[in-house]
Protein chains: 2
Amino acid sequence: MSEASVLPVGDPAPIDFYFDFISPFGYFASLRIDALAASHGRTVEWRSMLVGVTVLKVMGLKPLMEIPLRGDYLKHDAARYMRRHGIVMKRPIARPPTSPVIAGRAFHWLRVHAPDRARAAAAALYAAYWVEDIPLDTVELVADIAGLGVAADRRAVLDGIASGEAAALLRQEVDASIARGIFGSPSFLVDGELFFGVDKLDLLEEWLAIGGW
Amino acid sequence: MSEASVLPVGDPAPIDFYFDFISPFGYFASLRIDALAASHGRTVEWRSMLVGVTVLKVMGLKPLMEIPLRGDYLKHDAARYMRRHGIVMKRPIARPPTSPVIAGRAFHWLRVHAPDRARAAAAALYAAYWVEDIPLDTVELVADIAGLGVAADRRAVLDGIASGEAAALLRQEVDASIARGIFGSPSFLVDGELFFGVDKLDLLEEWLAIGGW
């Protein structure tokens, strides 16, 4: 085999970043994944899913934060992560989540109809929910934030959320994530290799650097 | 307050290392925890528990390896860890576990009656189970290994396992671990701070180095 034949052809595949808007660890990962990927010449495909569907219906578990012992630990671990990384959020980790369905529909509608704005909208929705403690539980709130301050976009997002298309797109993405083995937020899929949890970002970076073990 | 009053008095407390003999990630941690602790002037108190009791009865979950999606991921993650760390084991990760109760009874009996040999016995039991694929499901097998090749010790361990004391000691330790919030293997408790999972060893080391965040 000649040396030339093992040279990469084109850009490497993006990292698929799976997250749920109501997942604090997903939010933490969202603050680091783009820079981490870029430092290894990768882009990131942000993909919101619904952990509730996966955990409850596919895995047969109750919400992780409600599991005895484990729920307490996860809250403690999140607070520890925040202190270590200097993250301040108005929304308490322990407060029961609102539904992420409206935000998920808006995000996936944007991915199709305004793909260059979807990532920024997701980051804005995440910051609104966790940092500003805005519940994202009405179409108006979500459209305000996902519209990124552009009145015409706000209107388009409002109409998009209400469309059956947005609901179908989110449903498809949740089904596709389960088919790919995704069971929690955050998850990262790179060249077919799955990493679960913000604690795996260092390992993911090592994988990107050396191409696996 | 004078400077002298904040100087440490005596040795720092040991790190409590909670593990289950049937946990592969617990085995991985057992290979690193002593050296990690020693490099920060700490000793380690090895404490075997029964994840099955905690997971099934307290948390209301099925065994993690049997949970859809998550079980597959854990097997993949364990195999990846083994490649990265050069660990070779004859026992397949995916094979259903045997009961760790006999090994746990022997270990806790040794902790009371031969405390200077308990850690070495635990390491030998762990290596027998995972590296050599010895099931640890009879008192004879466990006594052979936990006796560390000394005939008189083998006899003492055999008698110890059969005693009600050994069963009571293990039961007490499992109850105590649950009371301290331990829900999985491996877990590490240092100065009241809990870390779960072999992936947290780097964070635990940072905690030891800087005293927390």
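This is a predicted model: local features need pLDDT of at least 70, side-chain atom pairs count only at pLDDT 80 or more; totals for chains, interfaces and linings use all residues.
Is R119(A) buried, partly exposed or exposed? At 36% relative accessibility, R119(A) counts as partly exposed.

Start with the partner of R119(A). The side chain of D34(A) meets that of R119(A) in a salt bridge, with N to O at 2.6 Å. D34(A) sits in helix α2 (residues 33-38) of chain A, and R119(A) sits in helix α6 (residues 115-130) of that chain, so the pair ties together parts 85 residues apart in sequence. D34(A) is also partly exposed, with a relative accessible area of 22%. Over all chains, the count of salt bridges comes to 36.

Now turn to helix α4 of chain A. Here R80(A) and D77(A) form a salt bridge, 2.9 Å from N to O. Both residues lie in α4 (residues 70-85), three residues apart, which is about one turn of the helix. This pair is within one helix, whereas D34(A) and R119(A) link two. R80(A) is buried, with a relative accessible area of 1%. D77(A) counts as buried too, at 7%.

What does R80 of chain B pair with? The side chain of R80(B) meets that of E193(A) in a salt bridge of 2.8 Å, N to O. R80(B) belongs to helix α4 (residues 70-85) of chain B, while E193(A) belongs to strand β4 (residues 193-196) of chain A, so this pair joins two chains. R80(B) and E193(A) are both buried.

Other salt bridges share partners. They join D16(A), E45(A), R47(A), R111(A), E173(A) and R180(A) into one network. Take D16(A) as the entry point. D16(A) is placed in strand β1 (residues 15-19) of chain A. At 8% relative accessibility, D16(A) counts as buried. Its side chain makes a polar contact of 2.7 Å with the side chain of R47(A). A second polar contact, 3.2 Å, joins the side chains of D16(A) and R180(A). Neighbours within four places in sequence aside, D16(A) is in contact with E45(A), R47(A), R180(A), S187(A), F188(A) and L189(A).

Next comes the interface between the chains. Chain A brings 28 residues to the contact, and chain B brings 29. The area buried between them is about 2,800 Å², and carbon and sulfur atoms give 60% of it. L69(A), Y73(A) and W213(A) supply 23% of the area that chain A buries against chain B, more than any other three residues.

The rule finds eight salt bridges between chain A and chain B. The bridge between E193(A) and R80(B), at 2.8 Å, joins the side chains of these two residues. Residue pairs in polar contact between chain A and chain B number 16.

Which elements of chain A touch chain B? Helices α3 (51-58), α4 and α10 (201-210) and strand β4 each supply at least two residues to that side of chain A. Helix α4(A) gives the most, with seven residues. By type, the residues on this side of chain A divide into 15 nonpolar, three polar and ten charged.

Technical notes: Residues are numbered from 1 along each chain as its sequence is written. Chains are lettered from A and ligands numbered from 1 in the order in which they are written. Side-chain values use heavy atoms; hydrogens and water are left out. A salt bridge is a side-chain nitrogen of Lys or Arg within 4 Å of a carboxyl oxygen of Asp or Glu. Helices (H or I, at least four residues) and strands (E, at least two) are DSSP runs, numbered from the N terminus. Buried means under 20% relative accessible area, exposed over 50%, partly exposed in between (1.4 Å probe, protein chains only). A polar contact is a pair of N or O atoms within 3.5 Å; within protein, one must be able to donate a hydrogen and the other to accept it, and residues adjacent in sequence count only if both atoms are side-chain atoms. Contact means heavy atoms within 4.5 Å. Buried area is the accessible area (1.4 Å probe) that two parts lose on being put together, summed over both. Ala, Val, Leu, Ile, Met, Phe, Trp, Tyr, Cys and Pro count as nonpolar, Asp, Glu, Lys and Arg as charged, and the others, Gly among them, as polar.
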